[in-house]
Protein chains: 2
Amino acid sequence: MDKTLEQSYGQLSILEDCTITRQILDRVGDKWSVLIIVNLGVKSLRFKELQRRSGGISQRMLTQTLRHLERDGLVWRKATPTVPLTVEYGLTALGESLLHPLQALVEWVNGNRAAIAEARTGYDSKHEPVGTE
Amino acid sequence: MDKTLEQSYGQLSILEDCTITRQILDRVGDKWSVLIIVNLGVKSLRFKELQRRSGGISQRMLTQTLRHLERDGLVWRKATPTVPLTVEYGLTALGESLLHPLQALVEWVNGNRAAIAEARTGYDSKHEPVGTE
DNA sequence: CAGAATCCGGTCTGATACTG
DNA sequence: CAGTATCAGACCGGATTCTG
């Protein structure tokens with residue numbers, strides 16, 4: 001159907017040729033990365049401020065997520081050895097370029113939110129007999 | 001930086017307003033969904049054929065992934081009660097429309113694969129002292 | 001063929017406590 | 001402030017076994 005996607009993604013290739021693709025997709029899919037990227041896309045932030053803006057993320061998860069993003073070159077980290085210690089995070093050029101495909105995806109979700117919710121309701125009414133689940 | 005994204009995604013909203021966004025992102029991020037969608041995007045397939053094309057997926061995971069995608073209205077399922085039983089899967093219109101943002105993301109990854117690999121190497125050389133990890 | 005059910009080890013995550 | 005370390009529980013995903 002979509003030849004380009006097929007070519008760029010490959011057939012059985014996620015686990016073979018496309019290990020990195022899978023890894024990046026994992027990053028996109030993990031619980032916090034996208035939220036962090038979007039927040040940093042708005043503007044650079046310090047650790048605590050970033051945590052506040054990111055809803056209920058624990059500082060453990062925030063640290064971990066930031067390390068991953070930093071390692072992939074999507075986020076930079078600037079530590080200033082002031083007295084209580086100041087660290088600022090922001091998007092690299094690479095990270096900012098990721099905003100666009102991410103935006104396309106998020107917009108797709110928002111545009112089809114109703115359709116998905118409806119599909120789920122329909123599916124659930126036909127399945128899931130009566131029970132608690 | 002990217003106002004549109006910020007608006008559509010919200011600030012702290014992933015866990016509050018945007019539960020569905022998070023759920024769809026989870027779907028994109030999970031190990032097999034994208035591969036399945038891409039494979040079905042090429043053409044409709046039967047269970048076994050789909051499994052063959054999807055590398056090393058177990059039938060447990062294939063079933064589970066398909067159920068999720070079906071519930072979200074992205075995939076249809078057509079069972080024909082023949083003798084050994086025939087089931088065919090394919091993308092719905094909704095599922096096909098998802099191919100585009102997905103493609104944008106995959107293309108971004110492919111286009112930036114080298115940059116990411118390089119960033120990782122650089123990061124790892126500075127960190128990870130010497131050890132086994 | 002197309003699954004459902006069960007077992008089970010590994011990973012992810014959050015809470016908590018401690019450090020420069 | 002900005003983390004690191006540790007621990008326990010939830011969850012994920014694979015292998016195996018069984019059914020219509």
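Reply: Contact here means that heavy atoms lie within 4.5 Å. This is a predicted model, in which local features need pLDDT of at least 70 and side-chain atom pairs count only at pLDDT 80 or more, while totals for chains, interfaces and linings use all residues. Residues are numbered from 1 along each chain as its sequence is written, chains are lettered from A and ligands numbered from 1 in the order in which they are written, and side-chain values use heavy atoms, with hydrogens and water left out.

On that basis, 68 residues of chain B are in contact with 67 residues of chain A. The two chains bury about 6,300 Å² between them, with carbon and sulfur atoms giving 64% of it (accessible area, 1.4 Å probe, lost on being put together and summed over both parts). Of the area that chain B buries against chain A, 12% comes from R71(B), W108(B) and R120(B), more than from any other three residues.

Four salt bridges cross the interface of chain B and chain A (a side-chain nitrogen of Lys or Arg within 4 Å of a carboxyl oxygen of Asp or Glu). In one salt bridge the side chain of R120(A) meets that of D72(B), at 2.6 Å from N to O.

The side of chain B that touches chain A draws at least two residues from each of α1 (3–9), α2 (19–29), α3 (33–42), α4 (47–53), α5 (59–71) and α6 (93–126) of chain B (helices being DSSP runs of H or I, at least four residues, numbered from the N terminus). Of these, α6(B) gives the most, with 24 residues. By class, that side of chain B divides into 31 nonpolar, 18 polar and 19 charged residues (Ala, Val, Leu, Ile, Met, Phe, Trp, Tyr, Cys and Pro as nonpolar; Asp, Glu, Lys and Arg as charged; the others, Gly among them, as polar).

Helix α6(B) has 34 residues and reaches 48 Å from its first C-alpha to its last, close to the 50 Å expected (1.5 Å times one less than its number of residues). Centred on N112(B), α6(B) has a kink of about 60 degrees (the angle between axes fitted to the seven residues ending there and the seven starting there).
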